[in-house]
Structures are given as structure tokens and as C-alpha cells.
Amino acid sequence: MRIDVVTIFPEYLEPLNVSLVGKARARGLLDVRLHDLRNWTHDRHNTVDDTPYGGGPGMVMKPEPWGEALDEIAASGADGSGEGRPVIVVPTPSGRPFTQRLAEELATRPWLVFTPARYEGIDRRVVEEYAERYEVWEVSIGDYVLAGGEAPVLVMVEAVARLLPGVLGNAESHRDDSFATGAMANLLEGPVYTKPPRWRGRDVPDVLLSGHHGRVERWRRDQAIARTAANRPDLLRSCDPATLDRHDRAMLAALGWHQGPDGRFGPPGETVEE
Ligand SMILES: C[S@@+](CC[C@H](N)C(=O)[O-])C[C@H]1O[C@@H](n2cnc3c(N)ncnc32)[C@H](O)[C@@H]1O
């Protein structure tokens, strides 16, 4: 996969040289190219921002440098031959939420261009312009406002990179992760343990030492359900009941959850309209 990032702070992206993403780059699984937006400015001060039309506090990123940068990068083509089109990912608090599903979708694309902004964001016409020729995804990493889009890019690149074939040692290891498509789609992963079996008087649950694969799987699933019920009841509430087996339902019932008229499960205390 190729990833381009256009930013006024390329040095902010240095963590992309480290750990899993750094190794994926070193092994040629990921081709990350960082670009300084100011290289596409033409004035003495390398200006990238200006005052907002309509007034108000803060500055807005000018469209011209972004336009020149994106034209040049996108025209190069995925492999430098001019062929291929990138998906342009625009980090913004007003975008759609970044989820594991979005990460999985982005991981199937060969080429992503990220446009982390600063100030009050980028002049709207840039998104409009490129949405006519490319897929443009406006994405938020959460309901809070950061000073810039570089940290969101680090978050998104890492979430996507670990899904690429060959990046994780064990190709199966993200299958059991929280939110992973499949059995875990609406669940958080339960607790994990390693050696020693007893630490400060605390024992690893017996079942994990039993060697009984079926019982271990069931215990893990029960723990996932219990943890999701406690920390993210919204996920369980939106869960398709068809994905819950007899044991899942028994576990939910034991936690006081009940099935509403639409078949979906709700937490204890939530009124069910009959
Ligand atoms: C100070 S923020 C601009 C916030 C904007 N005025 C608003 O209220 O939506 C500057 C930049 O940081 C990035 N950013 C901040 N919070 C973000 C979030 N939750 N998700 C993705 N990007 C974010 C975006 O690139 C954004 O344009």
C-alpha cells in the first residue's frame, strides 16, 4: 500500500518510522511518503492560511497550496506511472466516525492520501474540487477537537497498516480483536493473561489453564459480552440478535439484559415497550 501525507508538520509523523508501521515500511509492505505543504507555496513567508470569510476567530487553510499539492501527488499515479487513483482521506471532527469497519475498508485500497489540517481546517472548495475526481473521505477519530490532523493520521495509518497482509506476525491475530468483522463485530475483547499463573496472590482463571479449547473459547466470548455490556452497552444494543447464539443469550440474561419487541437486547433498567 502507498500512503502520502501532506502536512505543514512532516516531523510530527516521525512515529511512522517506529514499531509495526516502521517495520512494515522497512519490509516494503508500506510505502509512506511525507510532503511539506509549504513546498507548494510561492510567497516569501510560505503562507498556508488566511482570515475566514464571514469573520470570526481563527484562520483557514488556503485552497491554492492544497490544490497544487494534491494535483501533483495524485497525478503521479500509484507507482509513478500516472496510473491509479488514490482515496483522499481528510481528517476533520465533522467527518464520519473512524471505526474498525472504515479501517478494514481503507486497508483494501492500494493508495491513500491524507490531508491533516491545522487552524480551523481547509477551505471547503478543496474537498468539493477533489470529490469530483476522486473518492474523498472526511473522517473523524472521535468527538473532540485536536489542534491538528497529524495525530489522527497516526491513528488511522496504524489501524490500517496492522490489517495489511504480512504486517502482523500471525495473520489471524486481528480476527479476535475488539470490533473485528465477524464474531467480534459488536464486541470488546475480554481480559488477557500470561505467565506466571499466580502474581501477587492473583490467579489466572482456571479455565485458561485447562487446555480445553472449547471451554476457553466459550469463556472468552462470555468475558467479551460482559465487558461490552459494562463499558459499551450501545454496541450490544445495536447488535443483530441473529449473531448471538444460545449461550450468548444466556450470558446476557444472567447480566440482566432482556430482549425487546424488535428482537434486540437492552440493558437492565431500560424500559421495553411491548
Ligand atoms: C482545530 S481543528 C479544526 C476544528 C474545526 N474548527 C471544527 O470545529 O470542526 C484543526 C484540524 O485538526 C484536525 N482534527 C481535529 N480534531 C479532529 C478529530 N476529532 N478527528 C479528525 N481530525 C481532527 C483536522 O484536520 C482539523 O481540520
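**Packing, pairing and a ligand shell in a predicted model**

Tutor: Around the ligand, the shell residues fall into 10 nonpolar, 7 polar and 2 charged. The model is predicted.

Student: Which residues of that shell are the closest to the ligand?

Tutor: P91, A117, G121, L146 and G149 are the closest of the 19 residues that surround the ligand. By the classes used here, Pro, Ala and Leu count as nonpolar and Gly as polar.

Student: Which strand gives the most to the shell around the ligand?

Tutor: That is β5 (residues 87-97), with 4 residues.

Student: What makes β1 and β6 a pair?

Tutor: The test is again at least two bridges. Strand β1 (residues 2-7) and strand β6 (residues 111-114) have 4 bridges in the parallel sense, so they pass it. D4 has V113 of β6 as its bridge partner, and V5 stands opposite F114 in β6.

Student: Where do these strands sit in the sheet order?

Tutor: The open sheet has 5 strands in the order β2-β1-β6-β5-β7, with parallel pairing.

Student: Why are β2 and β7 called edge strands?

Tutor: β2 (31-36) and β7 (135-140) each have a single partner strand, so one side of each has no neighbour in the sheet. On average, neighbouring strands of this sheet are turned by 30 degrees against each other, direction ignored.

Student: Why is the packing of α6 and α8 described by that one word for its class of angle?

Tutor: Helix α6 (residues 213-231) and helix α8 (residues 246-254) pack at about 45 degrees, with axes 10 Å apart.

Student: Which residues make the contact of α6 with α8?

Tutor: From α6 come R218, R221, D222 and I225, and from α8 come H247, D248, M251 and L252. What joins them is a C-beta separation within 7 Å. By class, this contact has 3 nonpolar, 1 polar and 4 charged residues.

Student: At what angle do α1 and α5 pack, and how far apart are their axes?

Tutor: Helix α1 (residues 19-26) and helix α5 (residues 150-161) pack at about 65 degrees, with axes 9 Å apart. The crossing of α1 with α5 is left-handed.

Student: What makes up the contact of α1 with α5, by class?

Tutor: L20, V21 and A24 of α1 meet V157, E158 and A161 of α5. The contact has 5 nonpolar residues, no polar ones and 1 charged. Glu counts as charged, so E158 is that residue.

Student: Is the peptide bond from K195 to P196 cis or trans?

Tutor: The bond is cis, with omega near 5 degrees. P196 is in the loop between α5 and β8 (198-199).

Methods
Residues numbered from 1 in each chain as written. Predicted model: local features only at pLDDT ≥ 70, side-chain atom pairs only at ≥ 80, totals over all residues. Axes fitted to C-alpha atoms, helices over the stretch in contact; angles between N-to-C directions. Helix = DSSP H or I, 4+ residues; strand = E, 2+ residues; numbered from the N terminus. Contact = placed C-beta atoms within 7 Å. Near = placed C-beta within 6 Å. Left-handed = near helix turned anticlockwise from the far one by under 90°.
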